[in-house]
Amino acid sequence: MTANLTLFIILLVAIPLVGAGKLDGVLLAVVSLVTLSSFEAVAPLPQAAQMLEASLDSARRLFELVDAEPAVSEPDAPSKPPVSADLSVRSLTFRYEAGLAPALQGADLELTPGRKVALVGPSGAGKSTLLALLMRFWDVPAGTVFIDGQDIRSYRSEDARRLFSLVSQTTYLFTATLRENLRLANPDAGAGDFERALDQAGLRDWFVRQPDGLDTWLGERGQQMSGGERQRLSLARALLQNAPVVLLDEPTAHLDPLTEREIIHTLHAVLKEQTVLWATHSLKGMEWMDEIVVLDRGQVVERGTHRQLMKLDGLYARMWRIQNEALPPDE
Ligand SMILES: Nc1ncnc2c1ncn2[C@@H]1O[C@H](COP(=O)(O)OP(=O)(O)O)[C@@H](O)[C@H]1O
Ligand SMILES: [Mg+2]
């Protein structure tokens, strides 16, 4: 996967918005960066990120760089965009390149609207890969991933991708106002929507301290925000997107245990009614999940509720014990 290919995918996402008159040039660059950051959540691309982070004016350069084929095939006669998100993954085996060991092997997963499913497992187990495949960053073999009963390959990739909002480990903030940093999640949203999303994400106290409200300049990529605040802003963006499925990819990975705990509380409260797929190696908050799918080296090795998996006394229970010994007590 080359950087150019990535940029191509970014543009595939962003250009339709420009075409629809919903995005100006600066915002295109911002959206590109956000898309890239989603992408980076699943496949680190430091070179591309460095280049793109340089400024909001990189849109022009983006266009110059596009010279590659798209990584996913688009259907000749696409299905109508999916409306609800009934996801079904069946015996999915995926290799990043021929000859490499499969990143996923025979994986199965069902996610029906309103359910909360966790995807847990050690680093390298294939969690982010599965999220990336759902978001159609790569092609899956035919007959392995279904949305609303139809093969994901039968949808235009942007239609499939629109089903998801993602909160990942890193939140990209841009040298722009708070309003612009939120608007890129939903160009149609207004001030009321922004404030509501900030409230829900637990940023009310932070927001009232900001000198210029929504017009507060976030400075050098929002460096004055704490890690927890940045993740909350990312959650606010995800809420503004209002997509049928929320994907969480280790959203608390870089936070201290106390902040992690607080953010998980917020996630529980705010995503109560939502359909959630949460990839994590940290087993905090698992009691909240309807199902936990345990991945190890690309294979689903266990599945069940927290209680069932503890009783099973396998990989999940082992991970849970290690983490609860290693971390300082919660209360
Ligand atoms: N872009 C990529 N190209 C090749 N291999 C990759 C790529 N991304 C991830 N992998 C490999 O796929 C496997 C699963 O990775 P990943 O899905 O990131 O695991 P997790 O999110 O569970 O830590 C790992 O062996 C990883 O090295
Ligand atoms: Mg990962």
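Predicted model: local features only at pLDDT ≥ 70, side-chain atom pairs only at ≥ 80, totals over all residues.
Visitor: Which residues are the closest to ligand 1, and how many surround it?

Guide: Eleven residues surround ligand 1. The closest are Gly124, Gly126, Lys127, Ser128 and Thr129.

Visitor: How does the shell around ligand 1 divide into nonpolar, polar and charged residues?

Guide: The shell holds five nonpolar residues, five polar ones and one charged.

Visitor: Which polar backbone atom is 2.6 Å from an oxygen atom of ligand 1?

Guide: A polar contact is a pair of N or O atoms within 3.5 Å. Here the backbone atom belongs to glycine 124. Glycine 126 also has a backbone N or O atom 3.0 Å from an oxygen atom of the ligand. With tyrosine 96 the side chain takes part: one of its N or O atoms is 3.4 Å from a nitrogen atom of ligand 1. On its own, ligand 1 has 560 Å² of accessible area, and the protein covers 64% of that.

Visitor: Now the sheets. What do strands of a sheet pair through?

Guide: They pair through backbone hydrogen bonds, and the pairing is either parallel or antiparallel. In this model, one open sheet consists of four strands in the order E2-E1-E4-E5, with antiparallel pairing. Its edge strands are E2 (104-111) and E5 (150-151), each of which pairs on one side only.

Visitor: Over how many bridges do E4 and E5 pair?

Guide: Strand E4, residues 145-147, pairs with E5 over two bridges in the antiparallel sense. Phenylalanine 146 has aspartate 151 in E5 as its bridge partner.

Visitor: Which helix lies across strand E1?

Guide: Helix H5, residues 127-134, lies across E1 (87-94), and also across E2 and E4. The helix runs at about 120° to E1.

Visitor: What is the order of the open sheet of six strands?

Guide: The order is E6-E7-E8-E3-E9-E10, and the pairing is mixed.

Visitor: Why is one side of E6 and of E10 left without a neighbour in the sheet?

Guide: Strand E6 (164-167) and strand E10 (299-304) stand at the edges and have a single partner strand each, so one side of each has no neighbour in the sheet. Ignoring direction, neighbouring strands of this sheet are turned by 20° against each other on average.

Visitor: In which sense do E7 and E8 pair, parallel or antiparallel?

Guide: Strand E7 (residues 245-249) and strand E8 (residues 275-280) pair in the parallel sense, over five bridges.

How values were computed
Residues numbered from 1 in each chain as written. Chains lettered and ligands numbered in written order. Heavy atoms only, no water. Near = heavy atom within 4 Å. Polar contact = N/O pair within 3.5 Å; in protein donor to acceptor, adjacent residues only side chain to side chain. Areas by Shrake-Rupley, 256 points an atom, 1.4 Å probe, with all protein chains shown as cover. Nonpolar A, V, L, I, M, F, W, Y, C, P; charged D, E, K, R; others polar. Pairing = 2+ DSSP bridges. Contact = heavy atoms within 4.5 Å. Axes fitted to C-alpha atoms, helices over the stretch in contact; angles between N-to-C directions.
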